[in-house]
Amino acid sequence: MKTYLKILLGVVLFFALAGIGTALYLFNMQHKDIGKAKPDFVITAVDLQKAFEDNEVAATAKYVKKILEIEGEVESVKTGEANVLNVTIKSGSDLSSVICTFVSATDPAKFTAGSRVIVRGECSGFLMDVLMNNCILVK
Amino acid sequence: MKRIVILFTISFLFLAANGQKFMTKNGYIGFSSHTAIDDIKADNNQVAAVLDISTGDMVFQVLIKSFHFEKALMEEHFNENYMESDKFPKSTFRGKIINLSSVDFNKPGKYDVTVDGDLNMHDVTNKISVKGTIEVVQGGVNASSKFNIVPEDYKINIPGVVRDNIAKTLEVTVTIKYAPVESK
């Protein structure tokens with residue numbers, strides 16, 4: 001009987017610790033490391049914007065919350081609140097582009113209007129432009 | 001179809017402007033929650049905002065998925081459980097500066113304003129009235145505000161397990177730097 005209780009206690013304790021461990025792990029889990037993550041899609045800014053403009057529902061299903069590596073020409077560079085960097089990449093449209101918000105501590109001097117860049121980040125969806133977050137500069 | 005919608009929106013919102021409209025697609029809206037257990041903060045630097053200085057009309061629009069949290073799990077819960085951002089991807093505020101006459105857009109300086117309007121998120125629209133500041137600067141207009149919202153007012157259900165970790169009222173911070181819309 002005593003052995004049985006000990007085993008039971010051991011099992012309960014094991015699951016309790018495993019549960020607490022998992023909870024702590026999940027709670028403190030960091031965002032995906034975009035620098036190490038493999039892109040789900042490699043696409044030009046022109047094609048990406050066009051995909052959303054042609055069919056927002058289909059493009060949302062395909063690209064949102066996926067890691068995209070996009071290539072295109074820098075239209076403008078802006079620093080916002082807490083020096084967060086927003087880089088607008090040209091699309092084929094005059095009215096709508098691809099806006100990339102970079103992870104903190106990205107140097108705005110790395111971007112000049114008119115230069116071609118490759119950016120990797122997570123697609124958040126379409127507002128008036130295609131929006132990308134947690135971006136890093138690949139090239 | 002999308003192109004027509006965008007063209008219509010743009011022409012409706014901006015081209016009738018005659019230099020009276022200001023906009024940005026890089027505005028900031030953040031919110032924070034403070035409790036004894038946890039401090040939570042989220043930032044969105046992709047706010048689209050339009051201001052018409054002739055009428056005082058203001059429109060703000062954000063993608064819910066553009067809010068960034070420090071912890072990945074919080075961002076996931078925020079999107080999947082609370083805001084249901086797959087079903088309700090956007091939030092919009094449409095309002096008006098009700099004391100527009102107290103702002104001189106030709107004279108640089110800070111002006112206190114009150115903005116009344118409709119805030120839509122999570123498929124619920126509520127009337128809100130917030131105080132803020134309009135700052136007229138060289139070549140543009142800045143707008144800022146801090147106000148509180150109650151998640152329950154927008155049918156955002158926070159389960160009992162984490163209810164004590166999230167404040168009953170959230171403080172929202174808005175910081176917008178508008179640039180004039182060039183009339184074509």
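Let's start at the interface. Between chain B and chain A, 3 salt bridges are found. Keep in mind that this is a predicted model.

One of those pairings is K65(A) with E75(B). Their closest N and O atoms lie 3.9 Å apart. Polar contacts next. Between chain B and chain A, 9 residue pairs are in polar contact, both partners at pLDDT 80 or more.

Which parts of chain B supply the side that touches chain A? Six elements each give at least two residues: α1 (2-15), β1 (21-34), β2 (39-52), β3 (57-63), β4 (68-69) and α2 (72-82). The largest share comes from α1(B), with 6 residues. By class, this side of chain B has 13 nonpolar, 7 polar and 9 charged residues.

Now the extent of the interface. The size of an interface is often given as the accessible area lost when the parts come together. Here, the area buried between chain B and chain A is about 2,900 Å². Carbon and sulfur atoms give 59% of that area. In residues, 29 from chain B are in contact with 31 from chain A.

On to chain B as a whole. How many helices and strands does chain B have? There are 3 helices and 9 strands. From the N terminus, the order is α-β-β-β-β-α-β-β-β-β-α-β. Chain B has 184 residues, and 53% of them are buried. Chain B exposes about 9,600 Å². Then sequence separation. Take the contacts in chain B between residues at least 6 apart in sequence: 58% of them join residues at least 24 apart.

F111(A) sits in the loop between β4 (98-102) and β5 (116-126) of chain A. Is F111(A) buried or exposed? F111(A) is buried, because its relative accessibility is 5%, and the cut-off for buried is under 20%.

What is F111(A) in contact with, leaving aside its neighbours within four places in sequence? The list is V74(A), V77(A), L85(A), V87(A), F102(A), T106(A), V117(A) and L137(A).

One distance to finish. F111(A) and V12(A) are 99 residues apart along the chain. Their C-alpha atoms are separated by 56 Å.

Technical notes
Residues numbered from 1 in each chain as written. Chains lettered and ligands numbered in written order. Predicted model: local features only at pLDDT ≥ 70, side-chain atom pairs only at ≥ 80, totals over all residues. Heavy atoms only, no water. Contact = heavy atoms within 4.5 Å. Buried area = accessible area lost by both parts, 1.4 Å probe. Salt bridge = Lys/Arg side-chain N within 4 Å of Asp/Glu carboxyl O. Polar contact = N/O pair within 3.5 Å; in protein donor to acceptor, adjacent residues only side chain to side chain. Helix = DSSP H or I, 4+ residues; strand = E, 2+ residues; numbered from the N terminus. Nonpolar A, V, L, I, M, F, W, Y, C, P; charged D, E, K, R; others polar. Buried < 20%, exposed > 50% of the residue type's maximum accessible area, 1.4 Å probe, protein only. Areas by Shrake-Rupley, 256 points an atom, 1.4 Å probe, with all protein chains shown as cover.
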